[in-house]
Amino acid sequence: MANIFVFSSESVGEGHPDKVADLISDSVLDACLAQDRTSRVACETLVKSNMVTLAGEITIPKLQDKKTGKTRPIDEVINIGKVVRDAIRDIGYTNDDDVFHADTVFINNYLTAQSADIAQGVDAKKAKGKKTAEQGAGDQGIMFGYACNETRELMPTPIIFAHRLGRELTKIRKSGKVAWLRPDAKSQVSVRYVDGKPVEVVNVVISTQHTADVAHKVIERYLIEHVIRKVLPARMLTNRTEFLINPTGRFVIGGPQGDSGLTGRKIIVDSYGGWGRHGGGAFSGKDPSKVDRSAAYMGRWVAKNIVAAGLATHCEVQFAYAIGHPKPVSLRVDTFGTGVKSDEKITRAVGNVFGFKPAEIVAQLNLLRPIYRQTTNYGHFGKNGLPWETTNKAAALRAALR
């Protein structure tokens, strides 16, 4: 008897309030790393109406006076206001009737220095009560990485399809071809699986902010013909596929004017669309000493290389850390019965090929550089050009299992 089910995943556009917050946080992070690659950054952003509030901890060693021990203000090297406004401008909140506008938002800055207690755990040096002089994890936590052979990106089909819709919608809006499109948007795709294989798209949901003067029928017709049918495979669309376009009937008030946004609130959109598990820690606004981010990237890199090596068709990697401690406290590979070798043997090979200490992760993936704005939108995984998306360890993994 066939195993049949439907799985859905969603994506959100650059102008979604939570993604506005994520981009601002990642923009601040990149600005800090551009000034000093050893910056410690944990920047969270709240957006609502015409306000932006920044909170968190930032330490830029470049600003510290070694003689006096005092730290100069961050504004001496980074214009936080400009970073925030440029991020909002890049998204597209520059229309005359935007309540949330790049040039007029009020910015509240509550960023302070990183706690000395946390810093001593991360620093690669001895400290009272610390059991090692190595760089430790910035916090405790569990991380997951996932990959499968369903798509060319080695990602689950529903989340990749949802991201493709969002990217195309943004591309059209920023090109200026369609004057009625506005920045806030969401997409969702439901895919039917038969015996583990994706066979058809059951329904597609797109909600996009728009100007007040465009008719719903115009929006519906355009998005079906020029977005959905353009980016989704024709073989996956059938005469049964349902299209739900702006199902409320109107979406003029959007972005931070319509709803508040907060950094890290779209972690499932950021990862695997609910298919692969998520450890719970958000990514955006955090430098790579925070294993919430760097170890999640590491997990994806490992899982993708396992699948790319032909060692499994589906793979999940899970590991965990203790704050201030360099070694992971656990490491597990699960191939869901698709592995060419036992999960135990694959786990052992992974341990021989990859290094999981925080400093090793940073070095292997070259993470101390301003690359994080490009991760913010349409998923942190499945994109070309990001170091954790390379499959350069596939041969080494195969060799380790001989």
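Tutor: We may start with a strand pairing: Gly 56 has Leu 111 of β4 as its bridge partner. Please keep in mind that this is a predicted model.

Student: In which sense do β3 and β4 pair, and over how many bridges?

Tutor: The pairing of β3 with β4 (residues 106-112) is parallel and extends over seven bridges.

Student: And β2 with β3, parallel or antiparallel?

Tutor: Antiparallel: β2 (residues 40-48) and β3 (residues 51-59) are joined over nine bridges. Within that pairing, Leu 46 has Thr 53 of β3 as its bridge partner.

Student: What is found in the hairpin of β2 and β3?

Tutor: Two residues lie between the strands of this hairpin, and Ser 49 takes a positive phi near 55° there.

Student: Turning to the open sheet of four strands, what is its order?

Tutor: The order is β1-β6-β7-β8, and the pairing is mixed. β1 (4-12) and β8 (242-245) are at the edges; each has a single partner strand, so one side of each lacks a neighbour in the sheet. From one strand to the next, the twist averages 15°.

Student: How does β1 pair with β6?

Tutor: β1 and β6 (residues 181-194) run in the antiparallel sense, with nine bridges.

Student: What holds strands together in general?

Tutor: Strands of a sheet pair through backbone hydrogen bonds, in either a parallel or an antiparallel sense.

Student: Which helix lies across β7 and β8?

Tutor: That is α5 (residues 216-231), which lies across β7 (197-210) and β8 and runs at about 125° to β8.

Student: How do α4 and α5 pack?

Tutor: Helix α4 (residues 157-175) packs against α5 at an angle of about 125°, and their axes are 9 Å apart. That angle makes α4 oblique to α5. The crossing of α4 past α5 is right-handed.

Student: Which residues make the contact?

Tutor: On α4 they are Arg 164, Leu 165, Glu 168, Leu 169 and Ile 172. From α5, the contributors include Tyr 222, Leu 223, His 226 and Val 227.

Student: On to the rings. How many aromatic pairs does the structure hold?

Tutor: There are 16 aromatic pairs. In one of them, the ring centres of Tyr 146 and Tyr 272 are 5.8 Å apart and the planes stand at 70°, so the pair is edge-to-face.

Student: Where do Tyr 146 and Tyr 272 lie?

Tutor: Tyr 146 is in β5 (residues 141-148), whereas Tyr 272 is in the loop between α7 (267-270) and α8 (291-308), so the pair ties together parts that are 126 residues apart in sequence. Tyr 146 and Tyr 272 are both buried.

Student: What about Tyr 297 and Phe 381?

Tutor: The centres of these two rings are 6.0 Å apart with the planes at 90°, so Tyr 297 and Phe 381 also form an edge-to-face pair. Tyr 297 belongs to α8 and Phe 381 to the loop between α10 (358-365) and α11 (394-400), so parts 84 residues apart in sequence are tied together.

Student: Buried or exposed, Tyr 297 and Phe 381?

Tutor: Tyr 297 has a relative accessible area of 0% and is buried. Phe 381 counts as buried at 1% relative accessibility.

Student: Which residues form the aromatic cluster?

Tutor: Tyr 146, Tyr 272, Phe 283, Tyr 297, Phe 336, Phe 381 and Trp 388 form one cluster.

Methods. Residues are numbered from 1 along each chain as its sequence is written. This is a predicted model: local features need pLDDT of at least 70, side-chain atom pairs count only at pLDDT 80 or more; totals for chains, interfaces and linings use all residues. Side-chain values use heavy atoms; hydrogens and water are left out. Two strands pair if DSSP finds at least two bridges between them. Axes are lines fitted to C-alpha atoms, for helices over the stretch in contact, and angles run from 0 to 180 degrees between N-to-C directions. Contact means heavy atoms within 4.5 Å. Rings of Phe, Tyr and Trp (its six-membered ring) pair if their centres lie within 6.5 Å; planes under 30 degrees apart count as stacked, over 60 as edge-to-face and the rest as tilted. Buried means under 20% relative accessible area, exposed over 50%, partly exposed in between (1.4 Å probe, protein chains only). Angles under 35 degrees count as roughly parallel, over 145 as roughly antiparallel, 65 to 115 as roughly perpendicular and the rest as oblique. A crossing is left-handed if the near helix is turned anticlockwise from the far one by less than a right angle, and right-handed if clockwise.
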